[in-house]
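I opened this structure for the first time and kept notes as I went. The entries follow the order in which I looked things up.

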Amino acid sequence: LPPMADKGGAFVHDPKLSSLTETRAKIRLQFTDLAKRQVVVDRVFQLTNKQGKKQEFKTIDNSLHIDSGERKKITYSNRHGDVNAGVPEMMGVSKAVL
């Protein structure tokens with residue numbers, strides 16, 4: 001994340017602007033990996049207003065969907081491995097590039 005992004009909280013619409021207590025966001029990245037498979041990475045975030053002016057930012061879900069063709073689809077959630085480590089390897093680039 002860029003500097004001053006407060007662990008991603010700056011990317012979510014502020015719930016105070018719409019008089020809500022929470023706002024959810026979803027980011028989807030779709031690419032073709034080195035093995036020519038379609039890969040989709042989904043990340044779901046939540047920003048919640050707490051008492052006073054505090055806000056709580058949480059990552060709700062990380063999932064990785066791999067379509068290897070021939071009707072075979074593989075899905076990994078955040079419990080099955082680190083999505084952040086797997087994506088640069090699948091794209092064939094270093095983590096610093098992303």
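**Entry 1: the sheet.** I started with the strands. I found an open sheet of 4 strands in the order β1-β2-β3-β4, with antiparallel pairing. The edge strands are β1 and β4, and each pairs on one side only. From one strand to the next, the twist averages 15°. For the terms, I noted that strands (E, at least two residues) and helices (H or I, at least four) are DSSP runs, numbered from the N terminus. Two strands pair if DSSP finds at least two bridges between them.

**Entry 2: ground rules.** This is a predicted model, in which local features need pLDDT of at least 70, side-chain atom pairs count only at pLDDT 80 or more, and totals for chains, interfaces and linings use all residues. Residues are numbered from 1 along each chain as its sequence is written, and side-chain values use heavy atoms, with hydrogens and water left out.

**Entry 3: pairings inside the sheet.** I checked β2 against β3. They pair in the antiparallel sense over 12 bridges. In this pairing, R43 stands opposite N62 in β3. I then moved to β3 and β4 (residues 73-77). They run antiparallel and are joined by 5 bridges. L64 stands opposite Y76 in β4. How many residues lie between β3 and β4 in their hairpin? There are 5, and G69 in the turn has a positive phi of about 80°.

**Entry 4: the core.** Next I looked up the largest nonpolar core. It has 8 residues: F31, V39, V41, L64, I66, V83, V87 and M90. The elements giving two or more residues to this core are β2 (38-49), β3 (55-67) and α1 (83-91). α1 gives the most, with 3 residues. By definition, such a core is a set of buried Ala, Val, Leu, Ile, Met, Phe, Trp, Tyr and Cys residues joined through side-chain atoms within 4.5 Å. I also wrote down a general point: in soluble globular proteins, nonpolar side chains tend to be buried together.

Not counting residues up to four places away in sequence, V39 touches L29, Q30, F31, D33, L64, H65, I66 and M90. Contact here means heavy atoms within 4.5 Å.

**Entry 5: D33.** One of those neighbours of V39 is D33. D33 lies in the loop between β1 (22-32) and β2. Is D33 buried or exposed? D33 is buried, with a relative accessible area of 6%. The cut-offs are under 20% for buried, over 50% for exposed, and partly exposed in between (1.4 Å probe, protein chains only). Which backbone nitrogens lie by a polar atom of the D33 side chain? That of A35 lies 3.1 Å away, and that of R37 lies 2.7 Å away. Leaving aside neighbours within four places in sequence, D33 is in contact with V39 and M90. I also checked D33 against E89. They are 56 residues apart along the chain, yet their C-alpha atoms are separated by 8.8 Å.

**Entry 6: salt bridges.** The structure holds 4 salt bridges. The term covers a side-chain nitrogen of Lys or Arg within 4 Å of a carboxyl oxygen of Asp or Glu.

- D42 and R28 have their closest N and O atoms 2.6 Å apart. This pair links distant parts of the chain, with D42 in strand β2 and R28 in strand β1, 14 residues apart. D42 is buried at 6% relative accessible area, whereas R28 is exposed at 53%.
- E56 and K50 have their closest N and O atoms 3.1 Å apart. E56 is partly exposed at 30%, and K50 is partly exposed at 42%.
- R24 and E22 have their closest N and O atoms 3.7 Å apart. R24 is exposed at 53%, and E22 is partly exposed at 33%.

**Entry 7: Q46.** The side chains of Q46 and E22 make a polar contact (2.6 Å). A polar contact is a pair of N or O atoms within 3.5 Å; within protein, one must be able to donate a hydrogen and the other to accept it, and residues adjacent in sequence count only if both atoms are side-chain atoms. Q46 lies in strand β2 and is buried, at 7% relative accessibility. Beyond four places in sequence, Q46 is in contact with residues including E22, R24 and E56.

How values were computed
Axes are lines fitted to C-alpha atoms, for helices over the stretch in contact, and angles run from 0 to 180 degrees between N-to-C directions.
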